[in-house]
Amino acid sequence: MEQRRTIGYILLALAAVICLASNVWFIVKMPMGGEKVSHLIFRTLPEVIALLAVVYIFVRQGKSMNLKLDIRERRLKLNEQHAIDPYGYSYIMLGAMSVCIILIFAVDIMDKLGVPLFDRISAGWCIVVLSVLTVALVLWLSVKIEMAKRRDNNNNS
């Protein structure tokens, strides 16, 4: 499981690097003016929020807090429950999802700058191949997580 968590951290770092590089490229290539600031805010803010949401879920992985009303003591209790993913596949899946989200925003930034995706063949194909690989990885890991849950349910029964 620790290896899968490390792979997830590496994928999150890759997503952060792609996010930073695409936004710096956007700042450098976008013409000057008031539109630059508004486009930067409306393109970067959702990208950063999406990445931070995935990072938050990654860090809080496997824990969910449920409120429970304790009538005897007249207070609310927080009960922490652990989700079923003992093999750690969800770490890799969240890392791959973050890379896919950031690649989608990078393609949007390229479109906004007027750069055709396949103008530079290597960059365009790299984005397409990475997108397809991350989507395939997310789908494969979703199946692996469900198989692990069923295996644990069968072992507990």
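The following legends describe an overall view and several close-up views of a predicted model of a protein.

View 1. Starting at the N terminus, the elements follow one another in the order α-α-β-β-α-α. Among the contacts between residues at least 6 apart in sequence, 70% join residues that are at least 24 apart.

**View 2. Helix 1, residues 2-29, and its buried residues.** With 28 residues at 1.5 Å a residue, helix 1 should span 40 Å, and this agrees with its end C-alpha atoms, which are 40 Å apart. The buried residues of this helix are Gly 8, Leu 11, Leu 12, Ala 15, Ile 18, Cys 19, Ser 22, Asn 23 and Phe 26.

**View 3. A nonpolar patch on the surface, which includes Leu 45.** The patch is formed by Val 37, Ile 41, Phe 42, Leu 45 and Ile 49, which together have about 530 Å² of accessible area. Leu 45 itself belongs to helix 2, which covers residues 34-59, and Leu 45 is classed as partly exposed because its relative accessible area is 48%, a value that lies between the limits of 20% and 50%.

**View 4. Thr 134, a buried residue of helix 4.** Helix 4 comprises residues 121-156 and contains Thr 134. The relative accessibility of Thr 134 is 7%, so this residue counts as buried, the cut-off being under 20%. Leaving aside residues up to four places away in sequence, Thr 134 touches Ala 96, Val 99 and Cys 100.

Terms used
Residues are numbered from 1 along each chain as its sequence is written. This is a predicted model: local features need pLDDT of at least 70, side-chain atom pairs count only at pLDDT 80 or more; totals for chains, interfaces and linings use all residues. Side-chain values use heavy atoms; hydrogens and water are left out. Patches are made of residues with over 30% relative accessible area and no salt bridge: like charges are joined within 9 Å, nonpolar side chains (Val, Leu, Ile, Met, Phe, Trp, Tyr) within 5 Å. Accessible areas come from the Shrake-Rupley method with a 1.4 Å probe; for residues, only the protein chains shown count as cover. A salt bridge is a side-chain nitrogen of Lys or Arg within 4 Å of a carboxyl oxygen of Asp or Glu. Helices (H or I, at least four residues) and strands (E, at least two) are DSSP runs, numbered from the N terminus. Buried means under 20% relative accessible area, exposed over 50%, partly exposed in between (1.4 Å probe, protein chains only). Contact means heavy atoms within 4.5 Å. The expected span of a helix is 1.5 Å times one less than its number of residues.
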